[in-house]
Amino acid sequence: MDEEGYLRTGDAVLFADASRPEAGIIFDGRLGENFKLASGTWVSTGMIRVRLVSSLAPDVSDAVITGHDRAALGALLFVVPPVDAPAKQALFARIRQKLEAYVQAHPSSSERVGRVVLVYEPPSLDAGETTDKGYLNQRKVLERRARLVEALYADSPDGEVITV
């Protein structure tokens, strides 16, 4: 409890309707998941995650935002594995097109996600990547999939990284 008697949950929230606080609040991620880019710009990962996944639906089921102490944001995108090479090419093309529209709508450095990598293996409850409630544990995903994060930020990204 804090000094005023409120329970400290570590959750970030937004007003459901900023002009009417009595309308309630909505979950906006975990405070511990927010980070700064190398420029010192704060990034609210919960807000970006929701906007990005919504923009890329139905192809993307969830995302983990990357970029802590880096020059730009990226994301690991959880997708259903394509059944064959043509389906994979079509998925890449759809996501690239939707990502381009997202970047145009969110050009600021604290919201622009210009590099993504598709993750075909779902997040693992046993590895701690998800909670019992199904929420992603961003830190665990980033630790477990560090190789993908490094590929995402490579100077010359491989063909698995979609860049905009």
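Helix axes here are lines fitted to C-alpha atoms over the stretch in contact, with angles running from 0 to 180 degrees between N-to-C directions. I wanted that written down before opening the model, which is a predicted one.

**Entry 1: the two helices**

I looked up how H1 and H2 sit against each other. Their axes come within 9 Å and cross at roughly 135°. Roughly parallel would need an angle under 35 degrees, and roughly antiparallel one over 145, so I put the pair down as oblique. H1 passes H2 in a right-handed crossing. Next I listed who touches whom: from H1 come Ile48, Arg51, Leu52, Ser55 and Leu56, and from H2 they meet Ile95, Lys98, Leu99 and Tyr102.

**Entry 2: strand S7 and its partners**

Is strand S7 buried or exposed? Six of its seven residues (113-119) are buried, so the rest of the structure largely encloses S7. I then checked its pairing. S6, residues 73-79, runs parallel to S7 and is joined to it by six bridges. Leucine 77 has leucine 118 in S7 as its bridge partner. Between S6 and S7 the chain goes through helix H2 (residues 85-105), and this β-α-β crossover is right-handed.

With strand S8 (residues 161-163), S7 pairs in the antiparallel sense, over three bridges. Here I found valine 116 opposite isoleucine 162 of S8.

**Entry 3: valine 119**

What does valine 119 contact, leaving aside neighbours within four places in sequence? I found Leu76, Leu77, Phe78 and Val79, plus Arg145 and Leu148. I also took one distance: valine 119 and alanine 151 are 32 residues apart in sequence, and their C-alpha atoms are 12 Å apart in space.

Most residues other than glycine have a negative phi, and most peptide bonds are trans. With that in mind I went looking for exceptions.

The peptide bond from alanine 57 to proline 58 is cis, with omega near 0°. I located proline 58 in the loop between helix H1 (45-56) and strand S5 (60-66).

Aspartate 69 is not a glycine, yet it has a positive phi of about 60°. Where is aspartate 69? I found it in the loop between S5 and S6. Its relative accessibility is 51%, so aspartate 69 counts as exposed.

Key: Residues are numbered from 1 along each chain as its sequence is written. This is a predicted model: local features need pLDDT of at least 70, side-chain atom pairs count only at pLDDT 80 or more; totals for chains, interfaces and linings use all residues. Side-chain values use heavy atoms; hydrogens and water are left out. Buried means under 20% relative accessible area, exposed over 50%, partly exposed in between (1.4 Å probe, protein chains only). Helices (H or I, at least four residues) and strands (E, at least two) are DSSP runs, numbered from the N terminus. Two strands pair if DSSP finds at least two bridges between them. A crossover is right-handed if, with the strands pointing away from the viewer, the path from the first strand over the helix to the second runs clockwise. Angles under 35 degrees count as roughly parallel, over 145 as roughly antiparallel, 65 to 115 as roughly perpendicular and the rest as oblique. A crossing is left-handed if the near helix is turned anticlockwise from the far one by less than a right angle, and right-handed if clockwise. Contact means heavy atoms within 4.5 Å.
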